[in-house]
Amino acid sequence: MFKNFQLKNGMNVVLVESHKSPVVSVQMWVRTGSADEQKGEEGISHFIEHLVFKGTQKYNVGEIASKVESSGGELNAYTSFDQTVFYVTISSHYVETAMDVVSQMMGHPIFDPTEVDNEREVVLEEIKRTQDNPHRQASRMLFSTVYKNHPYGLPVIGYEKVIKKVSVEKLKEYFNARYVPTNMTLVIAGDVKAKDIKPKIKSYFENFEDHKLRKIKRIKEPKQEKKRIKVEKTDFKENLFYISWPVPSVRHKDIPALDVLSLILGQGDSSRLLKKLRIEQPLVNYIGASTYTPKDPGFFTISASLNHENLEKSLEILLEELEHVLNSAPDLDELEKSVINMESDEFYGLETVEGLARKVGTFDFLFDDYAYFKEFLKQIRELTTKDILRVARKYLKPETMTFTYMTTGDKEQAKKQIQKWTTKYKKIYESSKAPRVEPQKVKPLKWGKTLSSRKEAPIENIKLNGGAKLLVKPSYETPVINLRMATFGGLRYEPDSKSGITELASRVWANQTKNLTEVELYQKLDHLASSFSAFGGRNTVGLNLNTLTAFFDPTLDIFFDVLKDPHVSEDIVEREKIIMKEKLSRKDDNPTMQAMQATMRSLYGKHPYSRELGGNAESLSSITTKDVVDYIKSLTPKGDLNFSLVGQVDVDKCVEKLNNNLKGLKGFEKPEQKHIVPPLTKNVYNYMESKKEQSHIILAYPGLVFDDKKVNTLQMIQSILAGQGGRLFIELRDKKSLAYSVAPLRMEGIEKGYFGTYIGCSPEKGKLALQMMRDELKKLQDTLVGPEELDRAKRYLIGRHDIDLQKNSSVAATILFDDLYGLKHDAYLKYSDEIQSITAEQVMALAQEIFSQNHVVTCVGSESVE
């Protein structure tokens with residue numbers, strides 16, 4: 001149920017009742033973003049987003065986060081070109097806590113000068129972090145080239161020179177001019193009743209001080225009359241291009257057709273560009289198409305990541321596909337697939353309250369109508385194949401094209417290649433003729449009924465044919481169904497000489513069946529609005545299906561066709577080996593992962609956990625198609641298969657279908673794998689030099705196994721350190737401004753896991769950061785955690801646990817892996833009681849046990865920390 005009303009001060013309020021989970025999301029949408037800043041203010045909106053967390057009339061630094069997290073909630077915010085959004089997701093029992101802190105941040109921040117200066121350093125660290133990210137840099141290059149005058153061409157995060165100098169008075173002035181009630185929309189979605197919460201909303205949000213709204217007149221982008229090409233040489237290993245064309249603002253009648261065009265071209269495994277450039281030939285790491293539709297005019301874009309050597313061939317094939325788009329309407333089949341996937345988002349979006357609130361907030365912001373998504377879907381259903389051809393010819397003009405390319409190759413040579421390609425495109429466009437097309441429209445779709453009135457059922461543990469096991473939990477609030485199969489495998493089962501076979505198998509196992517080629521399988525799944533994939537990690541391998549009730553039967557057939565008879569073709573294996581090797585060649589672009597891999601090697605020695613999931617180039621080259629098939633079959637005897645199923649299902653019928661399908665599987669004894677983690681006999685220090693803006697530092701200790709009874713206590717230690725109200729954030733970020741990103745790390749294993757801390761900071765801050773991380777771990781060993789902090793950590797864990805289990809897929813994964821790793825499948829139902837029973841003495845004892853061990857320090861950066 002939706003309810004919309006306005007407070008006396010002009011604030012807009014949208015309430016959405018959803019009683020699927022006892023969770024609520026409180027979001028404040030402020031109609032101001034970086035595109036509303038004047039010259040000299042660049043980055044001020046994002047800076048203010050940080051600062052409202054740093055103290056209000058009611059709360060001091062850190063108290064807002066602590067208040068929310070001690071109530072089991074999570075809070076965050078983001079700034080875009082057009083709006084700034086603040087949100088708290090929390091148990092519905094604490095909805096007033098969420099309203100209280102959001103109202104304080106939005107109506108009563110104090111902008112303490114000391115805290116403003118502290119947070120400057122944090123934002124400057126965040127800017128440095130973006131400079132180390134190839135995708136952020138390629139995106140910035142795109143926007144600055146597409147928008148020459150409009151403020152969308154400036155980075156949301158702003159400039160260092162502005163952040164360093166902007167005054168407290170300027171920050172207050174901007175806040176008071178833009179953060180006014182008439183410029184805000186409060187969205188509350190979840191387990192609330194409108195009649196009960198409306199009076200409370202008034203008490204929290206009607207007392208904001210009234211300020212005059214500063215109206216902004218944005219500079220308009222002139223009409224683009226000729227193509228733009230920009231090529232930049234990069235030190236990153238990844239090559240990224242965008243090909244873009246300007247389109248109208250989101251309210252224009254052509255936007256639905258442009259959205260469908262982007263789906264047909266480059267969204268989903270069966271889309272045209274993925275089929276030609278990723279599936280039929282491994283020319284790109286990824287390719288996609290999308291329509292960027294903000295408040296002001298946006299653009300249609302095709303983006304890709306590739307090896308520079310493949311640029312010419314990739315553009316050649318892309319040219320053929322664009323020629324096809326300009327000269328012929330899509331098949332009715334392609335239009336139907338697009339409509340199905342857009343409509344299915346309605347059901348998948350119901351699974352979380354934050355997703356529901358985000359959708360409502362987005363439509364309210366863009367269309368001044370929180371329920372406009374119904375009208376938007378109506379427009380999608382009315383589209384014909386002729387409409388898609390029309391918008392392609394109308395907007396994909398050669399004279400309005402912008403081509404940006406960030407490359408490792410020769411800049412001038414690349415520019416010549418692109419210039420030549422755009423000339424060819426112009427000729428193709430000018431010679432193309434719109435054919436006479438009979439408009440075809442998709443027939444109305446039937447989705448079946450959602451049985452939301454039925455009560456939730458308990459988990460059933462059912463023995464299947466041949467010794468397989470099914471854990472099933474009927475759930476009726478949404479028509480989403482998740483089916484998973486998992487069995488022991490992964491790195492622990494990899495032959496020493498076949499490093500990377502788990503990752504390779506996960507890429508090729510669920511790609512085709514005996515009767516369906518890869519392309520046919522992807523087309524069928526996209527038509528069924530379903531996702532189906534294989535997975536492989538350190539301890540397990542398996543299959544994962546996410547679908548809707550209306551499509552469960554045909555997708556279940558696909559699931560078992562893949563499981564019973566793995567059909568892996570050599571050309572797909574060789575293609576994925578090329579993509580995996582390409583990924584390995586780009587490792588230097590991700591210093592955080594470099595640090596993590598070095599840490600794992602030091603912690604685990606010759607144990608399989610020390611290996612990279614992606615293997616290495618030499619081992620990948622040696623793996624054959626037969627190796628992959630044999631590896632999959634060796635791990636999947638029917639007596640060793642574990643299934644979980646959560647959603648709107650008929651249990652008896654499902655059991656019958658699973659048993660029938662299992663008859664075709666072989667049964668055999670799978671050898672048990674036992675490994676020993678070598679003891680860490682001394683402290684280890686790893687240093688890898690990197691010329692990035694930031695250093696990445698990890699401090700790690702040996703941890704626990706999955707079924708250790710102390711795992712929940714270790715989660716408590718993580719909770720004490722984690723979150724915006726945790727010790728690491730408060731001490732290293734809030735008080736010392738050392739970093740934008742600092743967090744604890746934790747992994748359990750079958751033999752042994754690890755526990756540690758991570759920080760990304762400027763190189764000159766590295767030594768202090770490492771010492772402070774050590775200090776925080778030492779405090780846990782030496783001093784009992786106080787009752788208030790212990791209670792905050794408990795509620796934080798319990799609340800995050802409930803929030804994380806909103807999706808059926810999350811529940812399916814939890815019960816499956818808990819059972820597989822020796823825990824009870826219904827352990828998640830007792831999680832709250834177990835966490836509440838943990839004492840401060842247990843926390844200290846485990847901290848002493850873990851942090852008194854030898855440890856590993858890893859630094860990837862331009863300055864050593866030891």
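Helix α25 (residues 711-721) packs with helix α27 (residues 766-782) at an angle of about 130°, and their axes lie 12 Å apart; here axes are lines fitted to C-alpha atoms, for helices over the stretch in contact, and angles run from 0 to 180 degrees between N-to-C directions. This is a predicted model, in which local features need pLDDT of at least 70 and side-chain atom pairs count only at pLDDT 80 or more, while totals for chains, interfaces and linings use all residues. Residues are numbered from 1 along each chain as its sequence is written, and side-chain values use heavy atoms, with hydrogens and water left out.

The two helices α25 and α27 are therefore oblique to each other, a word kept for angles that are not under 35 degrees (roughly parallel), over 145 (roughly antiparallel) or 65 to 115 (roughly perpendicular). On the α25 side the contact (heavy atoms within 4.5 Å) is made by Ile717, Ile720 and Leu721, and on the α27 side by Glu776, Leu777 and Leu780.

Turning to the strands, an open sheet of 5 strands runs in the order β18-β22-β19-β21-β20 with mixed pairing, where two strands pair if DSSP finds at least two bridges between them; helices (H or I, at least four residues) and strands (E, at least two) are DSSP runs, numbered from the N terminus. The edge strands, each pairing on one side only, are β18 (684-689) and β20 (739-747). Within this sheet, strand β19 (residues 695-702) pairs with strand β22 (residues 856-861) in the antiparallel sense over 5 bridges, and Ala700 stands opposite Val856 in β22. Helix α4 (residues 113-131) packs on the sheet and touches β19, β20 and β21 (754-761), its direction making about 70° with that of β20.
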